[in-house]
Amino acid sequence: MPQGSPMSPLLYMYYNAELLEVPKINELGLGFIDDIAYGVQGKSGKDNAERLKHMLEMAERWRIMHGARFETTKYVLVHYTRRRNIETTTPIQIADTLIQPSQDAKYLGVIFDKQLRFKLHIQHITKKSFKFAIAMSRIAKSTWGTSFRETRRLFISVVAPRIDHAAIV
């Protein structure tokens, strides 16, 4: 299948579908093309790490069976909680990879912080929005440059979708 083919994403999702079946009841599996995230909910970081390790071992077996490669440097572990007294330092060892807990994770362009308050994501979008505003001000001056109508069209088609990404969270 040539790269860029309209069928490529559909076939890739079909190929990876078994990876989204790894999670069992009360576990989570999210996927978009080749980005997959697993999640569990429990009372302790250690219990959650054990359950996630089991899920990753199943995914590793799938990888070996299908001759696929996983980019282990992109593995991220976050123990999401707002409680300060909960232990959130338990790492996961899978094959030759040790996954240390992180304070945040980026998934599909959204930054999830440890407490799920999205402060980092809002800061990132604000910084990005400022860059777009500066760029647009360079091409749309009051006496020269693009007209208001063209500038508005550019904003609606290019800038707004980037700023609005994940605004619902």
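User: In what sense do strand β5 and strand β6 pair, and over how many bridges?
Analyst: In this predicted model, strand β5, which covers residues 104-107, and strand β6, which covers residues 110-113, pair in the antiparallel sense over 4 bridges. Within that pairing, Ala 105 has Phe 112 of β6 as its bridge partner.

User: And how many residues sit between β5 and β6 in the hairpin?
Analyst: The hairpin leaves 2 residues between the strands, and Leu 108, which lies in the turn, has a positive phi of about 55 degrees.

User: Switching to the core, which residues of the largest nonpolar core touch the most other members?
Analyst: That core has 15 residues, and those touching the most other members are Tyr 38, Leu 52, Met 55, Leu 56, Ile 92 and Ile 99. At least two core residues come from each of β2 (35-40), α2 (45-66) and β3 (92-94), with α2 giving the largest share, 6 residues.

User: What is Leu 52 in contact with, leaving aside neighbours within four places in sequence?
Analyst: With those neighbours set aside, Leu 52 is in contact with Tyr 38, Gly 39, Val 40, Leu 77 and Ile 92.

User: What about Thr 81, is that one buried or exposed?
Analyst: Thr 81, which is found in the loop between α2 and β3, counts as buried because its relative accessible area is 18%, and the cut-off for buried is under 20%. Not counting residues up to four places away in sequence, Thr 81 touches Ile 86, Thr 88, Lys 114 and Gln 115.

User: Now α3: which residues there are buried?
Analyst: The buried residues in α3 are His 121, Ile 125, Ser 129 and Met 136. Seen down the helix axis, the buried residues of α3 fall within an arc of 60 degrees, so they line one face. These buried residues pack against β6 and α4 (148-164).

User: Which exposed residues does the face turned away from the buried side of α3 carry?
Analyst: That face carries Lys 119, Gln 123, Lys 127, Phe 130, Lys 131 and Arg 138, which are exposed.

User: Zooming out, how many helices and strands are in the chain?
Analyst: The chain has 4 helices and 6 strands, which follow the pattern α-β-β-α-β-β-β-β-α-α along the sequence.

User: Why is the chain called more spread out than a compact globule?
Analyst: The radius of gyration is 21 Å, well over the 15 Å that the globule rule gives for 169 residues, so the chain is more spread out than a compact globule. Along its principal axes, the C-alpha trace spans about 65 × 50 × 30 Å, and buried residues make up 25% of the 169 residues.

Methods
Residues numbered from 1 in each chain as written. Predicted model: local features only at pLDDT ≥ 70, side-chain atom pairs only at ≥ 80, totals over all residues. Heavy atoms only, no water. Pairing = 2+ DSSP bridges. Core = buried A, V, L, I, M, F, W, Y, C linked by side-chain atoms within 4.5 Å. Buried < 20%, exposed > 50% of the residue type's maximum accessible area, 1.4 Å probe, protein only. Contact = heavy atoms within 4.5 Å. Arc of directions from axis to C-beta. Rg over C-alpha atoms; globule rule 2.2 N^0.38 Å.
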